[in-house]
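Notes follow, one topic at a time.

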Amino acid sequence: MTSKIPVSVLIPAKNEQANLPACLTSLQPADEIFLVDSQSTDKSIEIAGIYGANVVQFKFNGSWPKKKNWSLENLPFRNEWVLIVDCDERITPESWAEIAEVIQNEECNGYYINRRVFFLGKWIRHGGKYPDWNLRLFKHQKGRYENLSTEDIPNTGDNEVHEHVILQGKVGYLKHEILHEDFRDLYHWLERHNRYSNWEARVYLNLLIGKDKSGTISANLFGDAVQRKRFLKTVWVRLPFKPLLRFILFYIIQSGFLDGKAGYIYGRLLSQYEYQIGVKLYELQTLGGTLNVAKTPAYTAKPVNQEVEKTAI
């Protein structure tokens, strides 16, 4: 490919200096790259400049929209098609060749892309982690991320977590994949999932109380992959012993054991993640999202003047 592919890439970022070089190297075939940053304090901005990315600062107002939807609404894309890529992902040459071909097709307004997730140097091929379809390539005027009513929960970050894109028109599927491989350490994995569990706890609560789901992707057992997951989650949130069930499902039923030690560790961490979601859900239900509820005793004013008067008599 000698000329740039008419696609605008959107990368949400914050302190991603370890991942950005590999990510941005893989994105060089794109005509345009936007790195939407949240006031990084490492070398992310410097690295982005080296690779020719346009850096835009995003300051979260604590409400909606979050970073990706804000970017879709406000960035001056010069191309019709946008590709959303996380900093720990890479687009392969085979994927770029396919992207260059499919964007010429007027039949679809967007495409799902499959991901290969790597963990501790191992492709996690089992445990339900593959295939992992994500709607990342679409005409930017046709798609927006859904709002699952979680913005009032603190410490979830300023970027959409697992919200999905709602797209107008037909959607297709790419044959080639993207690679998801975080070059940071387990500390960052745990930190990220600590934030994610805050978000998931609110999603669980919304499902349990039957919160209005208009403007979101509906749950449907016989729909596409995302709709099926939504249906299964409505059942999952009501099950007991979810941390144990999460490990059994990943490691045994979905054959996560075939991924060796990395698969075992990943399964244990997912079980821990499910436990975090559960206790934060309990916190939301019983304490309004705080660790303790302070009970302030009623204050009764002491009749100081009367005491003085009696003493004086």
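**Asn105**

I started with Asn105, which sits in the loop between helix 4 and strand 6. The cut-offs are under 20% for buried and over 50% for exposed, with partly exposed in between (1.4 Å probe, protein chains only). I also looked up Asn105 against Gln276: they are 171 residues apart in sequence and 44 Å apart in space, C-alpha to C-alpha.

**Ground rules**

Residues are numbered from 1 along each chain as its sequence is written, and side-chain values use heavy atoms, with hydrogens and water left out. The model is predicted, and local features need pLDDT of at least 70, side-chain atom pairs count only at pLDDT 80 or more, and totals for chains, interfaces and linings use all residues.

**The whole chain**

I noted nine helices and 11 strands in the protein. The C-alpha trace spans about 105 × 45 × 40 Å along its principal axes. Of the 313 residues, 45% count as buried. I then looked at contacts (heavy atoms within 4.5 Å). Among those between residues at least 6 apart in sequence, 75% join residues at least 24 apart.

**Two domains**

The domain assignment gives domain 1 (5-184) and domain 2 (190-287); such bounds come from an automatic or database assignment. Their C-alpha centres lie 23 Å apart. Domain 1 puts 31 residues into the contact and domain 2 puts in 29.

**Second largest pocket**

Next I went to the second largest pocket, at about 220 Å³. A pocket here is an open set of points on a 1 Å grid over the protein atoms alone, where a 1.4 Å probe fits, with protein on both sides within 12 Å along at least five of seven lines; lining residues have an atom within 4 Å of a point. Points are joined across faces, edges and corners, and the volume is the space filled by probe spheres set on them.

Which domains supply the lining? At least three residues come from each of domain 1 and domain 2. Helix 5 (186-209) and helix 8 (260-287) each supply at least two residues, and helix 5 gives the most, with four. I wrote down some of the lining residues, including Ile153, Asn155, Asn194, Arg195, Lys280 and Glu283. By class the lining has four nonpolar, five polar and three charged residues. In that scheme Ala, Val, Leu, Ile, Met, Phe, Trp, Tyr, Cys and Pro are nonpolar, Asp, Glu, Lys and Arg are charged, and the others, Gly among them, are polar.

**Nonpolar cores**

A nonpolar core is a set of buried Ala, Val, Leu, Ile, Met, Phe, Trp, Tyr and Cys residues joined through side-chain atoms within 4.5 Å. In soluble globular proteins, nonpolar side chains tend to be buried together.

The largest core here has 30 residues, and Val9, Ile11, Leu27, Leu83, Trp96, Ile99 and Leu137 touch the most other members. Contributors of at least two residues include strand 1 (5-13), helix 1 (20-26), strand 2 (30-37) and helix 4 (93-102). Strand 1 has the largest share, five residues. A second, separate core of 17 residues includes Phe77, Ile84, Tyr145 and Ile217.

I checked Ile99 by itself: not counting residues up to four places away in sequence, Ile99 touches Val7, Leu83, Ile91, Leu137 and Leu174.

Ile91 counts as buried because its relative accessible area is 4%. Beyond neighbours within four places in sequence, Ile91 contacts Ser26, Leu27, Leu83, Val85, Trp96, Ile99 and Ile178. Ile91 and Glu177 are 86 residues apart in sequence and 7.6 Å apart in space, C-alpha to C-alpha.

Which peptide bond is cis? I found the one from Tyr130 to Pro131, with omega near 5°. Pro131 lies in the loop between strand 7 (122-123) and strand 8 (133-139).

Leu120 is not a glycine but has a positive phi of about 55°, and it sits in the loop between strand 6 and strand 7. Ser255, also not a glycine, has a positive phi of about 65°. Ser255 is in the loop between helix 7 and helix 8 and is partly exposed, at 21% relative accessible area.
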